[in-house]
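Open the model in your viewer and get ready to select residues by number. Each stop below tells you what to pick and what you will find there.

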Amino acid sequence: MSNLQNTTSSSIIFVLTGVPGLEAFHTWISIPFCFLYATALSGNSLVLFAIITQPSLHKPMYYFLSMLSTTDLGLSVSTLFTMLGIFWFNAREISFNACLSQMFFIKFFTVMESSVLLAMAFDRFVAISDPLRYAIILTDSRITQIGVAIVIRGTLTLTPMVALLTRLSYCHSRVLHHSYCFHPDVMKLSCTDTRLNNAVGLTAMISTVGVDSILIPFSYVLIIKTILSIASPEERKKAFSTCISHIGAVAIFYIPLISLSFVHRFGKRAPAYVHTMIANTYLLIPPVMNPIIYSVKTKQICRAVIKILHSKDT
């Protein structure tokens, strides 16, 4: 019994996995991942800097966009060191406490991104359905309250899920199947009953990402209903164009998530490296694409970014 208890101590070392079967090509594989990380970090930092420094962007829509960029930065940094550590230095070992911390922040920023996308959907609904009261409804203090609520929501739902892993005993293989700590992956290594962990983890995901995935489409049903009630075709087109960037952000967040779920469920015969590559890119697609989408589709962001880049050149 003492041996089982010892396996739950901070002395546990897990072994992360790179790309199974392609270990000889890790250096080459790291090149596109380095490019993706560089794009995610620089793009979101630039958008965040533009919103902070440009007074013309101090509006509710851009405050929510700054939250999204902050979330994407956190999500990128959460996996950066372990993933590139494996590809560059074959540094595959990670301590139990470090694993729990990484797992928490990956899940936390994922939940936070989903919550921010929901808040942005609410922002678009208010802007289109009640434009005259938009500034009254979404005041700076209310946006701050929404941001705090998003952080509290993620913390309260995810802390029990991660904390419950400390009660498990790990007496099987310590090899994880991803290049970062993934909650189901860690549970599979336990030799004790994980039903409570499964229930808490499932509840956490359903009550956050699951609920958001229902409320966001519902908000767009209301938005589309409002847009169709507008008499002028030109005004309808203008109203819908303000939602394009957000729809793109929602798509690049949920489509990879759904694709990953389908691969895990129905692609069991696929090579192991396919699962690993999809899991790795899933966490990088939103942070890479969001700043590109908003810079291309939102004129104010595009102008602010160009202005900042031009000022640096001069």
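## First stop: S179 and its surroundings

Select S179 and show its surroundings: leaving out residues up to four places away in sequence, S179 touches L16, T17, T82, M83, I86 and N280, where touching means heavy atoms within 4.5 Å. Before going on, note that this is a predicted model, in which local features need pLDDT of at least 70, side-chain atom pairs count only at pLDDT 80 or more, and totals for chains, interfaces and linings use all residues. Residues are numbered from 1 along each chain as its sequence is written, and side-chain values use heavy atoms, with hydrogens and water left out.

Is S179 buried or exposed? S179 has a relative accessible area of 1%, so S179 is buried; buried means under 20% relative accessible area, exposed over 50%, and partly exposed in between, with a 1.4 Å probe and protein chains only. Now show the side chains of S179 and N280: they make a polar contact at 2.9 Å. A polar contact is a pair of N or O atoms within 3.5 Å; within protein, one must be able to donate a hydrogen and the other to accept it, and residues adjacent in sequence count only if both atoms are side-chain atoms.

Helices (H or I, at least four residues) and strands (E, at least two) are DSSP runs, numbered from the N terminus.

Next, select residues 60-89, which form helix α3, and pick out S78 within it. S78 counts as buried because its relative accessibility is 15%. Beyond its neighbours within four places in sequence, S78 is in contact with Q102, F105, I106 and F109.

Move on to N90, in the loop between α3 and β2 (93-95). With a relative accessible area of 53%, N90 is exposed. Check its backbone too: N90 is not a glycine, yet it has a positive phi of about 55°.

Select residues 140-163 for helix α6 and residues 195-228 for helix α8; their axes come within 8 Å and cross at roughly 155°. That angle makes α6 roughly antiparallel to α8. Axes are lines fitted to C-alpha atoms, for helices over the stretch in contact, and angles run from 0 to 180 degrees between N-to-C directions. Angles under 35 degrees count as roughly parallel, over 145 as roughly antiparallel, 65 to 115 as roughly perpendicular and the rest as oblique.

Which residues make the contact? On α6 they are R153, T157, L158, P160 and M161, and on α8 they are V200, G201, A204, M205, S207, T208, V211 and D212. Seven of the residues in this contact of α6 with α8 are nonpolar, four polar and two charged. Here Ala, Val, Leu, Ile, Met, Phe, Trp, Tyr, Cys and Pro count as nonpolar, Asp, Glu, Lys and Arg as charged, and the others, Gly among them, as polar.

Stay on α6 and zoom in on L158. L158 counts as buried, at 0% relative accessibility. Setting aside neighbours within four places in sequence, L158 is in contact with F104, K107, F108, V111, A204 and M205.

Then select A149, also in helix α6. A149 counts as partly exposed, with 43% relative accessibility. Draw a line from A149 to S115: they are 34 residues apart in sequence, and 9.4 Å apart in space from C-alpha to C-alpha.

By class, the contact of α4 with α8 has 14 nonpolar, six polar and three charged residues.

## Last stop: α2 and α12

Finish by selecting residues 26-53 for helix α2 and residues 285-297 for helix α12, which pack at an angle of about 45° with their axes 8 Å apart. That makes α2 oblique to α12. Show the side where they meet: L36, T39, A40, G43, N44 and V47 in α2 face P287, V288, P291, I292 and S295 in α12. The contact of α2 with α12 is made up of seven nonpolar, four polar and no charged residues.
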